[in-house]
Amino acid sequence: MAKVNQAAGTQLTSQPERLPFAGTLMYRSASRTKDQRFINCFQESIKNEVTDSKKVFVVKRPGLTRSTQVVVGGGTARGLYYWNSKFYSIIGSTLYANSTAIQTLNTSSGEVGMVEFDNVGVSYLFVCDGTDGWVVSSIDVVTQVNQTYSAWVAATNYAAGDRVVPTVANGYYYEVTTDAGSSHAATEPTWPTTIGNTVVDQGITWTCQGEYGGFPTPHIPTPKFIDGYMLLPLSNSMDVYNSDVDNIYGWGSSNFVSSEMWPDNVVGLARQNNQVLAFGHYSSEFFYDAANASGSPMSRNEGTAMQIGCAAPYAIYENERFVLFVGQSESGGRAVWMLEGFSPKKVSTEAIERVLDEEGTSIATATGYGLRTKGHLFYIINLTSCTLVYDVEEKVWHEWSTNSSTTHVAFTYGHVADSGGGKSSLLNNTDGYLYIVDPDVFLDNATAILLDAYTTKYDGSTMNRKFMHNLNVVGDLGSTFTIRWSDDDYTTWNSFYTLSSTRPFLTRCGSFRRRAFNVRHTADEDVRMEAIEFEVDVGTH
């Protein structure tokens, strides 16, 4: 029905509209201050199979409940792993089992890698920090892997468990497995060089336990365990070293395989099913256990190499189906890739890639992980400026932020562990606490989560002036929320209006040519927003 604006003398056409909240991030620059944006919320689509219709909502992210205090006073978080019904954390230079300190490391900064492994039917935890390696037993006895063994000495009392190397190194170490008690080593024996073989030296039985001298130091702390072998990449090289089979303490100097299809150093490892993926800066190669008789058991899987490398080795996420990582290539630029089998698929958008590129060299220290909650699987990338989150099921991106500040700082939880009870735990970057991800809570340790949803600009497919009579927010919004809008490309905003969920309605909303909305919610309540509904008249010019 046509109307006439008496003051302007302009014929108007009534036009009711709905502007959905759901959509994709549309950053035009790394500053992220303009265009459609979703902070501390994610999208959820619900399809009705009977009517073949679908609704899409924006939902508030789950909150965090403080649980275990690992260390009083906090410190720099470096790693987290759940094993043997306990959380193992590295904060500063200390390894903790829950809140009990069990080992002091020789380093105090940088990421620490951890992986469970099996040694002849017994489970252990392997920990490495780029310099040293340790084995943690089920009763939290910690043994250093790359400890230095002294050379054998004549006429010396040795006890069961003592380890030595020959006076003339032969690449193996030996352990006392039988001690007569009153005897001592008198004459250096002829050392066997077959692992498991023994030699008797005046009441002492020495057993060749493994190869010695090849533990990779310094290394990149992204350990992987496969078929009885522990794998670690040597820093600033193309070599991936392996332990002896079923012997974490044996590392031979020839126990390595080189990722050398391209002249590209290895920066990290991932495992996918029965293959190990060695990431370089700009290329990647797959290796499998070929049971080679000497050197490394691993051989390259020819034909599966990729000319895509990894920009953020501590943001690699792997599960039973795929690997997600921040990739880069010699053609320039960064992107997020999903690898299923041997076929990479880019899942980032141009807007996300602008943010990744802007991170510069800091991308090398970014952390990332997968988190399943509220029926969604999220891939979380913690950058210096922000935290980007990819919803694997919905295939859309959004942001998470830690506190109620409108500056939306990065999410300050860089490590995750799943205890298998349906809820994951996060280790705070600095405060020394573990936090439970709780889908029924919408606070971060009693601090309000600030949900900010910015819509795309509405113009009704015309730049003619519009006159908005009213607006109504459609969705389940708890008690109260606020809304504002910008008519000048997200540059200036009017003051927030506070609305009640029982009547989320405004009238006399002014005129504009293009308008974007910002809805903000801070209460400890679940939120599900669908659209902004409004009625406008469209002018003729």
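**A helix residue, salt bridges, a sheet and a pocket**

E353 is found in helix α1, which covers residues 350–358; helices here are DSSP runs of H or I at least four residues long, strands are runs of E with at least two, and both are numbered from the N terminus. The model is a predicted one, in which local features need pLDDT of at least 70 and side-chain atom pairs count only at pLDDT 80 or more, while totals for chains, interfaces and linings use all residues. Residues are numbered from 1 along each chain as its sequence is written, and side-chain values use heavy atoms, with hydrogens and water left out.

Back to E353: its relative accessibility is 14%, so E353 counts as buried (buried means under 20% relative accessible area, exposed over 50%, and partly exposed in between, with a 1.4 Å probe and protein chains only). Leaving aside residues up to four places away in sequence, E353 touches R334, A335, K346 and S348, where a contact means heavy atoms within 4.5 Å.

Next come the charged pairs. Side chains of opposite charge can pair when their charged atoms come close. A search of the whole structure turns up 24 salt bridges, each being a side-chain nitrogen of Lys or Arg within 4 Å of a carboxyl oxygen of Asp or Glu. In one of them, D489 meets R28 at 2.8 Å, N to O. This pair links distant parts of the chain, 461 residues apart: D489 sits in the loop between β43 (480–486) and β44 (497–500), and R28 in the loop between β2 (10–20) and β3 (37–39). D489 is partly exposed at 22% relative accessibility, and R28 is partly exposed too, at 39%. Both belong to a network of salt bridges that links R28, K34, D35, K457 and D489.

Two other salt bridges connect strands. R163 pairs with E175, their closest N and O atoms being 3.0 Å apart. Because R163 lies in β15 (residues 163–164) and E175 in β16 (residues 172–179), the pair ties together parts that are 12 residues apart in sequence. R163 is partly exposed at 23%, whereas E175 is buried at 14%. R300 and E285 form a salt bridge as well, with the closest N and O atoms 2.4 Å apart. Here R300 belongs to β26 (residues 298–300) and E285 to β25 (residues 284–289), so parts 15 residues apart in sequence are tied together. Both R300 and E285 are buried.

L125 has V136 in β13 as its bridge partner.

Finally, there is the largest pocket. A pocket is an open set of points on a 1 Å grid over the protein atoms alone, where a 1.4 Å probe fits, with protein on both sides within 12 Å along at least five of seven lines; lining residues have an atom within 4 Å of a point. The lining of the largest pocket counts 42 residues, with Y81, I316, Y317, E318 and V416 nearest its centre. Strands that each supply at least two lining residues include β7 (77–83), β11 and β36 (413–418). The largest share, six residues, comes from β32.

Definitions and conventions: Pairing = 2+ DSSP bridges.
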